[in-house]
Amino acid sequence: MNNLRANYERILEVLRKISTERQLPVQRRRPALSDLELISLSLTAEYMGIDSENDLFRKLPPCLLGKIDHTVYNRRKRRLMPYQNAIRMDLAESFNSSEDVFIVDSMPLEVCKIARSSRSKICKEELHSMPSKGYCASQKMYYYGYKLHAVCSLQGVFQVIDLTPANVHDIHYLHDISDQLSDCTLLGDKGYLSAAIQLNLFECSNIRLDTPKRNNQKGSKPQFSLFRKSRKRIETLFSQMCDQFMVRRNHAKSLEGFKTRILTKITAMMVILYINRNIFQRNINNLKISII
């Protein structure tokens, strides 16, 4: 795992199979490092746990160090976010094209401690997208930042991801699900309980929302045992994101930079899943493993 160049070449090989070379439309001269190579480098850094760009440039091999400047790398990486998201969606389609059962959940992403929130300038460029204070019921804590909403398949591959301020309730995220999923069963926890939204999802997109009922609800009964066990799959994914990809460690100062970091970490995870399945034919969810 410590061979940065070998890992970079492996990830670049995978991206060339599932994507095409593309350059940013507004560039005066062709850069030495192509867009796909730059994305591969950022994914390699996340896979190897190098979440500091200064540290990354200290470890770059000579064949890459002379091709790009530090500030240019950071700026191009943010501008390539739509292209990188398209790669993530292609990877998700390769795994989930035949899936009809998905799991929805959310996790907190802190940008700073609540005590510093009033004077913090992180991600405050626009009023409508500023971070906010929220409460995480599973961890029983208040935090300041954003909430990552995600939908994954039963085999543990993210299908849909989104980012909202921390004070947005999980139920409101379901309004956007009907535009991205259809003809499937969606498993959620008690935070997604809403008869009106459940009916709307079924009528609009044929999505069957299955959530456990509260004990004091009329007609309350335990959720189907297989569904109850399957919901833990997304919690395992979140744990892997926090452990190996350090998704809760934030170095970004702008919202665009913050979103780019989160997207890069998720895309890196999905590339490792692809390598596990298509190159080594092993369990796709073994992430702490060599890819060379």
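A residue is called buried when its relative accessible area is under 20%, exposed when that area is over 50%, and partly exposed in between, as judged with a 1.4 Å probe and protein chains only. By this definition Cys 152 is buried, with a relative accessible area of 0%, whereas Cys 242, at 24% relative accessibility, is partly exposed. The structure is a predicted model, in which local features need a pLDDT of at least 70 and side-chain atom pairs count only at pLDDT 80 or more, while totals for chains, interfaces and linings use all residues. Residues are numbered from 1 along each chain as its sequence is written, and side-chain values use heavy atoms, with hydrogens and water left out.

The predictor's confidence in each residue is expressed as pLDDT, from 0 to 100; its mean for the protein is 87, and 92% of the residues reach 70 or more. Where pLDDT is low, predicted coordinates should not be read in detail.

The secondary structure comprises 11 helices and six strands, where helices (H or I, at least four residues) and strands (E, at least two) are DSSP runs numbered from the N terminus. For 292 residues, a compact globule would have a radius of gyration near 19 Å, and the 20 Å found for the protein agrees with this; the radius is taken over C-alpha atoms, and the globule rule is 2.2 Å times the number of residues to the power 0.38. Along its principal axes, the C-alpha trace spans about 65 × 50 × 35 Å, and 52% of the 292 residues count as buried.

Strands β3 (residues 141-153) and β4 (residues 158-165) run antiparallel and are joined by seven bridges, two strands being paired if DSSP finds at least two bridges between them.

With a disulfide defined as a pair of cysteine sulfur atoms within 2.5 Å, the count of disulfides comes to zero. For Cys 152, the nearest cysteine sulfur is that of Cys 184, 12 Å away, and for Cys 242 it is that of Cys 136, at 10 Å.
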